[in-house]
Amino acid sequence: MSVDTTNHDGAALDAEHQVQTSLIMALCQAIEAQRPSSEVDEILDRLTSYTDAHFMAEQLLMRLKAYPHYDAHQQEHDRLIGKVRELEQRYRAGEVQLTLETANSLKSLLLSHTQGADSALAEHLEKQS
């Protein structure tokens with residue numbers, strides 16, 4: 001994932017958020033269908049890696065564009081990645097039902113984040129263009 005500050009707009013952010021949402025949904029489906037743990041592990045690893053990379057890129061972009069709400073946005077990222085880590089821990093501990101609840105909670109938090117904080121960031125980036 002690269003950060004192109006000359007052409008990073010709301011559409012690019014939306015595409016990245018779609019990948020995150022798709023990974024969360026795939027994870028929920030794999031757990032519910034009792035897919036092999038190797039399959040669930042792979043999805044969980046991809047979700048964790050992708051979320052880390054996306055948040056780092058987005059935070060770099062916010063700094064480069066002098067985004068005035070950086071601190072609050074970063075705090076939301078910290079909460080979301082914390083939820084991803086909790087999801088990972090619960091799954092690895094064998095807490096399947098709690099894993100599903102955590103995944104559904106993460107899905108809701110991500111949607112709220114993209115519709116709120118990320119929409120505001122996209123507007124800021126559009127004004128910077």
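Leaving aside its neighbours within four places in sequence, which residues is His 73 in contact with? In this predicted model, the contacts of His 73 are Glu 58, Met 62, Tyr 67, His 113, Ala 117, Asp 118 and Leu 121. His 73 belongs to helix 3 and is buried, with a relative accessible area of 2%.

**Nonpolar cores**

- The largest nonpolar core has 20 residues, and those touching the most other members are Ile 24, Leu 27, Val 40, Leu 47, Leu 87 and Leu 106.
- Two or more residues of this core come from each of helix 1 (10–32), helix 2 (37–64), helix 3 (70–92) and helix 4 (96–115).
- Helix 1 gives the largest share of the core, 6 residues.
- Another core lies apart from this one and has 7 residues, including Leu 13, Leu 61, Met 62 and Tyr 67.
- Of the residues named in that other core, Met 62 and Tyr 67 are also in contact with His 73.
- Leu 106, one of the residues that touch the most other members of the largest core, is in contact with Ile 24, Leu 47, Leu 80, Lys 83, Val 84 and Leu 87, leaving aside neighbours within four places in sequence.

**Helices 2 and 3**

- Helix 2 has 28 residues, which at 1.5 Å a residue should span 40 Å; this agrees with the 40 Å between its end C-alpha atoms.
- Helix 3, with 23 residues, reaches 33 Å from its first C-alpha to its last, close to the 33 Å expected at 1.5 Å a residue.
- The buried residues of helix 3 are Tyr 70, His 73, His 77, Leu 80, Ile 81, Lys 83, Val 84, Leu 87, Glu 88 and Tyr 91.
- An α-helix has 3.6 residues a turn, so residues three or four places apart point the same way.
- Among the buried residues of helix 3 are His 73, His 77, Leu 80, Val 84 and Leu 87, and of these Leu 80, Val 84 and Leu 87 are in contact with Leu 106.

**Ser 105 in helix 4**

- Ser 105 is found in helix 4.
- Its relative accessibility is 28%, so Ser 105 counts as partly exposed.
- Ser 105 and Leu 87 are 18 residues apart along the chain, and their C-alpha atoms are separated by 9.8 Å.

**Loops and positive phi angles**

- Gln 34 sits in the loop between helix 1 and helix 2.
- Although Gln 34 is not a glycine, its phi is positive, about 55°.
- Gln 34 has a relative accessible area of 71% and is therefore exposed, the cut-off being over 50%.
- Ala 66 sits in the loop between helix 2 and helix 3.
- Ala 66 is likewise not a glycine and has a positive phi of about 50°.
- At 59% relative accessibility, Ala 66 counts as exposed.

**The enclosed cavity**

- The whole structure holds 1 cavity of 30 Å³ or more.
- The space in the largest cavity is about 40 Å³.
- Its lining consists of Gln 20, Ile 24, Leu 47, Thr 51, Phe 55, Leu 80, Val 84, Leu 106 and Leu 110.
- By type, the cavity lining has 7 nonpolar residues, 2 polar and no charged.
- Ile 24, Leu 47 and Leu 106 are part of this lining and are also among the residues that touch the most other members of the largest core.

**The largest pocket**

- About 190 Å³ of space lies in the largest pocket.
- The pocket is lined by 13 residues, and those nearest its centre are Asp 14, His 17, Gln 18, Thr 114 and Gln 115.
- At least two lining residues come from each of helix 1, helix 4 and helix 5 (117–128).
- The pocket lining divides into 3 nonpolar, 7 polar and 3 charged residues.

Terms used:
Residues are numbered from 1 along each chain as its sequence is written. This is a predicted model: local features need pLDDT of at least 70, side-chain atom pairs count only at pLDDT 80 or more; totals for chains, interfaces and linings use all residues. Side-chain values use heavy atoms; hydrogens and water are left out. A nonpolar core is a set of buried Ala, Val, Leu, Ile, Met, Phe, Trp, Tyr and Cys residues joined through side-chain atoms within 4.5 Å. Buried means under 20% relative accessible area, exposed over 50%, partly exposed in between (1.4 Å probe, protein chains only). Helices (H or I, at least four residues) and strands (E, at least two) are DSSP runs, numbered from the N terminus. Contact means heavy atoms within 4.5 Å. The expected span of a helix is 1.5 Å times one less than its number of residues. On a 1 Å grid over the protein atoms alone, a cavity is a set of points where a 1.4 Å probe fits but cannot get out, and a pocket is an open set with protein on both sides within 12 Å along at least five of seven lines; lining residues have an atom within 4 Å of a point. Grid points are joined across faces, edges and corners, and a volume is the space filled by probe spheres set on the points. Ala, Val, Leu, Ile, Met, Phe, Trp, Tyr, Cys and Pro count as nonpolar, Asp, Glu, Lys and Arg as charged, and the others, Gly among them, as polar.
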